[in-house]
Amino acid sequence: MQSVFFHIDVNSAYLAWEALERLAAGETLDLRTIPSIIGGDEESRRGIVLSKSLPCKPYGIQTGETLMSARKKCPGLVVIPASFDVYERYSDAMIEYLHQFSDRVQQYSIDEAFVDYTHMERHFGPPLAAADKIREGIYKEFGYTVCVGVGPNKLLAKMATELRKPNFTNSLMHHELDKMWRLPIEDLFMAGRATVPKLRQLGIQTIGDLARFDVRYLVPTFKSQSHTLWEYANGIDHSKIEPHHAPAKSVGNSTTIPYDITRYDDANRVLLHLCESTGKRLRRTGMAAGVVSIGIRNSAFEYYAHQRKLTCPTDSTTELYYHASALFRDVWKNEPVRQLGVRAEKLVDANYAQLSLEEYRRPSKGMSKSIDAIRLRHGDEAVMRASFLRGVDFGDIECPVPVATRSTRYDTTESTSHSDGFVSSGKKSDFTLNRFSPFRATGGL
DNA sequence: TCTGGGGTCCTAGGACCC
DNA sequence: TCTGGGGTCCTAGGACCC
């Protein structure tokens with residue numbers, strides 16, 4: 001029995017979903033009918049184009065280019081900041097819809113999914129007809145267009161989706177491989193920025209060139225990657241649908257600062273903020289970090305990271321911050337910093353995480369949880385760290401602005417020099433969930 | 001074009017142990 | 001002792017994806 005897979009890819013996902021969300025809220029203008037993009041924060045002036053409407057095409061606006069550059073190309077461009085929580089809702093609805101066609105559905109990213117259609121023909125007809133049914137069904141049900149790729153495996157289904165856009169069904173079966181072989185090598189899945197120049201060096205220009213290449217001559221350059229690349233070029237892929245997203249192996253947050261940070265204290269406050277959001281996500285998912293890492297990008301866009309294994313896993317903001325700050329102190333080269341990141345890695349179940357004696361003595365863990373609870377009820381700004389009260393403007397970082405008149409101070413009894421008091425501001429605001437990506441973005445499919 | 005923010009996986013070298 | 005080899009852990013860095 002020949003396997004059949006579908007790959008579903010939402011056309012201009014963020015923009016389409018944003019447009020629909022606004023129409024549903026009563027707006028009359030459909031963003032899809034004017035030159036518009038979903039991009040970063042306008043004020044930080046460092047955003048990029050994440051998604052664009054079809055009318056952007058004549059202006060040559062590309063996904064990934066800076067907002068400034070896009071604006072130059074099209075002065076009347078409408079720029080909308082991304083609302084990932086909204087897009088996740090639309091994404092989840094689509095996944096649920098797809099389940100009527102097969103119980104083997106894999107959410108691959110926020111706007112892509114795989115469906116294993118093997119053995120399902122008697123329910124919904126031949127693959128191409130079923131693929132059209134999905135494409136038209138999604139449009140009827142939700143009002144946006146998708147491309148559907150049909151292939152004998154996930155790789156070819158995904159490659160098929162790219163053949164014609166938007167709103168098409170394409171097939172790429174084994175006997176149709178020449179459709180893919182004609183494409184330039186950079187169109188191959190896993191042939192990225194670093195790999196493509198090396199392949200070209202070997203005289204490989206198209207996917208077909210790579211398919212015919214003697215794999216032995218790839219090994220010196222690409223090592224273990226050689227066989228994967230060669231197999232992909234030949235349409236070979238044995239990966240299975242993974243219907244349940246695997247538990248996250250790491251969580252983290254990073255941010256680009258609107259101006260380059262040059263002071264140690266400013267960097268620390270950004271780190272603290274990042275530790276708060278990371279810690280909150282850990283606690284919400286019941287995980288604890290066995291490794292803490294920080295990432296630094298300097299004004300020359302060079303990136304370096306540092307990590308540290310913890311003697312005992314933690315989900316406490318204060319502990320994350322203690323380590324993040326120490327790591328930063330260890331490696332910062334005293335150069336202007338434009339981006340900072342904090343990651344929690346080697347995640348373990350917090351319930352099984354071994355607690356050190358020190359942890360027992362500290363109130364920090366319980367306190368982090370209490371603060372989460374207060375914020376859940378009264379908003380993020382209901383409780384804030386005293387160190388934020390100076391109210392430095394971090395632009396796109398949601399740095400709480402002090403509004404406290406009557407404040408209550410909670411002191412921690414921690415012995416670390418990095419502890420911060422918390423201040424209750426009494427201000428109420430809606431609680432917004434931190435963006436959480438349940439999706440796998442792996443090296444493979 | 002001067003570049004966001006979320007991830008995963010692989011490799012290689014050094015430390016350390018037997 | 002001037003000298004082996006294998007295994008594992010830790011860390012840094014690079015590559016890819018959306």
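Two strands count as paired if DSSP finds at least two bridges between them. With that in hand, take Ile 38, which sits opposite Ser 51 of strand 3. This is a predicted model, and its chain A carries 15 helices and 15 strands.

**Chain A overall**
- Chain A runs to 445 residues, and 36% of them count as buried.
- If you look at contacts in chain A with a separation of 6 or more, 61% come from residues 24 or more positions apart.

- Strand 2 (residues 36–39) pairs with strand 3 in the antiparallel sense, and the pairing spans 3 bridges.
- Back to that opening pair: Ser 51 in strand 3 is the residue that Ile 38 stands opposite.

**Helix 6, tucked away**
- Helix 6 (residues 154–161) is largely enclosed by the rest of the structure, because 8 of its 8 residues are buried.
- The buried residues of helix 6 are Lys 154, Leu 155, Leu 156, Ala 157, Lys 158, Met 159, Ala 160 and Thr 161.
- On the strand side, the cover over those buried residues includes strand 1 (5–10), strand 6 (112–116), strand 7 (146–151) and strand 8 (169–171).
- Helices contribute to the cover of helix 6 too, including helix 7 (178–181) and helix 11 (225–233).

**Helix 12 against helix 13**
- The axes of helix 12 (residues 264–285) and helix 13 (residues 317–331) come within 9 Å of each other and cross at roughly 140°.
- That angle makes helix 12 oblique to helix 13; the cut-off for roughly antiparallel is over 145 degrees.
- As for handedness, helix 12 and helix 13 cross in the right-handed sense.
- From helix 12, the contact takes in Ala 267, Asn 268, Leu 271, Leu 272, Cys 275, Glu 276, Thr 278 and Gly 279.
- Helix 13 brings Thr 317, Leu 320, Tyr 321, Ala 324, Ser 325 and Phe 328 to the contact.

Methods
Residues numbered from 1 in each chain as written. Chains lettered and ligands numbered in written order. Predicted model: local features only at pLDDT ≥ 70, side-chain atom pairs only at ≥ 80, totals over all residues. Axes fitted to C-alpha atoms, helices over the stretch in contact; angles between N-to-C directions. Helix = DSSP H or I, 4+ residues; strand = E, 2+ residues; numbered from the N terminus. Parallel < 35°, antiparallel > 145°, perpendicular 65-115°, else oblique. Left-handed = near helix turned anticlockwise from the far one by under 90°. Contact = placed C-beta atoms within 7 Å. Buried ≥ 20, exposed ≤ 12 C-beta atoms within 10 Å, placed from the backbone.
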